[in-house]
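Welcome! Please take a look at the structure below, and keep it in view while you read this short briefing.

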Amino acid sequence: MSEIKVLVVDDESDFVELFIKRFTRRGFSVLGAGGGAEALTLLKGVAVDVVVLDVKMPGMDGLETLKEIKKRHPTVQVILLTGHGSVKSGIEGMSYGAYDYVLKPFSLDDLVERIQSAYHRRALVGGGSGA
Amino acid sequence: MPDGGGLLGPSGPLAARSPVWPLLLGLAALAAATAGPWPGLILALAAGFVLWWASRRSAGALRRAREESCELSEQLIQSQKMAALGELAAGIAHEINNPLGIITQEAELLGLALEPVEAAQRDGSPLAAAFLAELRDGIGEIMRQVNRCSDITHKMLNFARKVAPVCQPSDVNRLVEDMVALVEREATKQDTRIVRMYGELPRVTTDPPLLRQVVLNLLNNAMQALERGGMIFVTTRAAEDGQIAIEVRDTGPGIPAAHLDKIFNPFFTTKAPGMGTGLGLAISQRIVVGLGGTLTAQSLPDAGAAFVIRLPATCGGEGERRHGAADQGTGH
């Protein structure tokens, strides 16, 4: 299996750095972005399998970013991550095509598994970072 | 003889006209002529009785057949109706989305055009300040209402979109628990307790994000039914033939009998205008049917409502699965 390419998007740079460190150690190839607009620019140039996206961000928020990602890259899988989960944002997120909705704090092993099954789905729908 | 046999059963009205009857009557007459009146009378009575019984039976069979064909054509009409509604909804949603996009852009442009007036306000013009406040307010309202419209068109498109499941092996108990955990925070705030009754489930293949959407929707509905607090029971269990069942039951006021057969209709809602589009359950049912399962509702007076999702061991049809990539989550 080739390396799973993950993009983590969060406005807290400490979180992004830590995430990259921890998940790179787990064998993923991880990129970081500090906001929705930056994430979309990155996605134009780099093939990514799974985006881990914070819901609450200043400027373009997680749901807006999700909509744009799904419009431009329908096979890329998005896992929404949130510290302030709300039922409303959960319903919206799922209906806009998010793969999963995970509450912070998360356990590393748990999120690793979720990223792997999101990647599995990406492979099933005919996408793949090789493309 | 299965189902009453060939003479009287399935051929219905024909049975009464079958050549057996003249024969029997003839035999009765013959018996009356040859063996005296009594055995003949008995035979005639017996023949009459058989005739009466046969006609009753065939009338019943006819009625049953009619009911069955009614039910079938009702189902057919229902599914055709849903398909037509889906097309209509998608058509309207697409048409409305374009002007909504233009309205949004114009409102944003208006906001930009206000910048010189803002400069005048900074220079101390009270007229500019009042004018600005009113305009900003108006633009804000336009944006809010546009968002409301796009929420509706998004749901209409979601309803109209063909459900194309992508099947993955899934731990359904975990999936359900994720959604329960998400809802629980808000439930606690409104004095609602969620009781988990998870059973041992076989592994199934299903579409996890689609199922999450349905479970979350049902939990959200249950919460809305419990405005004054109560309990939500979430049960999962293995069912026959490797199927699984997920039940969300609340202790709310329940669903009036007159509404029970309408709640899955698109746009049917009992919520106040602006509070719900009436598409949540319609979408949920479409998704579950697309996964190869069923979504049903039960309600007893004063005993709350229960929604049951039944899913097969493996989801969807092969054909639908192959089209997953093209249709899946295109972000409308």
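What follows is a guided tour of the two chains, topic by topic. Keep in mind that this is a predicted model. Chain A contains five helices and five strands, and its five-stranded sheet is open with parallel pairing. Chain B also has an open sheet of five strands, but with mixed pairing, and a disulfide joins B:Cys167 to B:Cys315.

- Chain B has a mean pLDDT of 81, and 81% of its residues reach 70 or more.
- Residues 1-16 of chain B have a pLDDT below 50, and this stretch has 19 contacts in the model beyond near neighbours in sequence.
- Another stretch to treat with care is residues 318-332 of chain B, where pLDDT stays under 50 and the model has 37 contacts beyond four places in sequence.
- Where pLDDT is low, the predicted coordinates should not be read in detail.

**Chain A as a whole**

- In what order do the elements of chain A run from the N terminus on? The pattern is β-α-β-α-β-α-β-α-β-α.
- Of the 131 residues in chain A, 53% are buried.
- The accessible surface of chain A is about 5,500 Å², and carbon and sulfur atoms account for 53% of that surface.
- If you take the contacts in chain A between residues at least 6 apart in sequence, 63% of them join residues at least 24 apart.

**The sheet of chain A**

- Strands of a sheet pair through backbone hydrogen bonds, either parallel or antiparallel.
- Reading across the sheet of chain A, the strand order is E2-E1-E3-E4-E5.
- Strand E2 (29-33) and strand E5 (100-103) of chain A are at the edges; each has a single partner strand, so one side of each is left without a neighbour in the sheet.
- On average, neighbouring strands of this sheet are turned by 20° against each other, direction ignored.
- Strand E1 (residues 5-9) of chain A runs parallel to E2(A), and five bridges join the two. Within this pair, A:Val8 stands opposite A:Gly32.
- Helix H1 (residues 13-25) of chain A packs on the sheet and touches E1, E2, strand E3 (50-54) and strand E4 (77-82) of chain A. The direction of helix H1 makes about 175° with that of E2(A).

**The sheet of chain B**

- Here the strands come in the order E2-E4-E5-E7-E6.
- Which are the edge strands? They are strand E2 (192-198) and strand E6 (294-299) of chain B, each of which pairs on one side only.
- From one strand to the next, the twist averages 15°.
- Strand E4 (residues 230-238) and strand E5 (residues 244-250) of chain B run antiparallel and are joined by seven bridges. B:Phe233 has B:Arg249 in E5(B) as its bridge partner.
- Helix H7 (residues 172-189) of chain B lies across E2, E4 and E5 of chain B, at about 170° to E2(B).

**The disulfide and another cysteine**

- A disulfide is a covalent bond between the sulfur atoms of two cysteines.
- Over all chains, the count is one disulfide. The link between B:Cys167 and B:Cys315 has an S to S distance of 1.9 Å, and with -80° about the S-S bond it is left-handed.
- B:Cys167 lies in the loop between helix H6 (126-160) and strand E1 (168-170) of chain B, and B:Cys315 in the loop between strand E7 (305-311) and helix H11 (318-322), so the bond ties together parts that are 148 residues apart in sequence.
- B:Cys149 counts as partly exposed, with 34% relative accessibility.

Key
Residues are numbered from 1 along each chain as its sequence is written. Chains are lettered from A and ligands numbered from 1 in the order in which they are written. This is a predicted model: local features need pLDDT of at least 70, side-chain atom pairs count only at pLDDT 80 or more; totals for chains, interfaces and linings use all residues. Side-chain values use heavy atoms; hydrogens and water are left out. pLDDT is the predictor's confidence in each residue, from 0 to 100. Contact means heavy atoms within 4.5 Å. A disulfide is a pair of cysteine sulfur atoms within 2.5 Å. Helices (H or I, at least four residues) and strands (E, at least two) are DSSP runs, numbered from the N terminus. Buried means under 20% relative accessible area, exposed over 50%, partly exposed in between (1.4 Å probe, protein chains only). Two strands pair if DSSP finds at least two bridges between them. Axes are lines fitted to C-alpha atoms, for helices over the stretch in contact, and angles run from 0 to 180 degrees between N-to-C directions. Accessible areas come from the Shrake-Rupley method with a 1.4 Å probe; for residues, only the protein chains shown count as cover.
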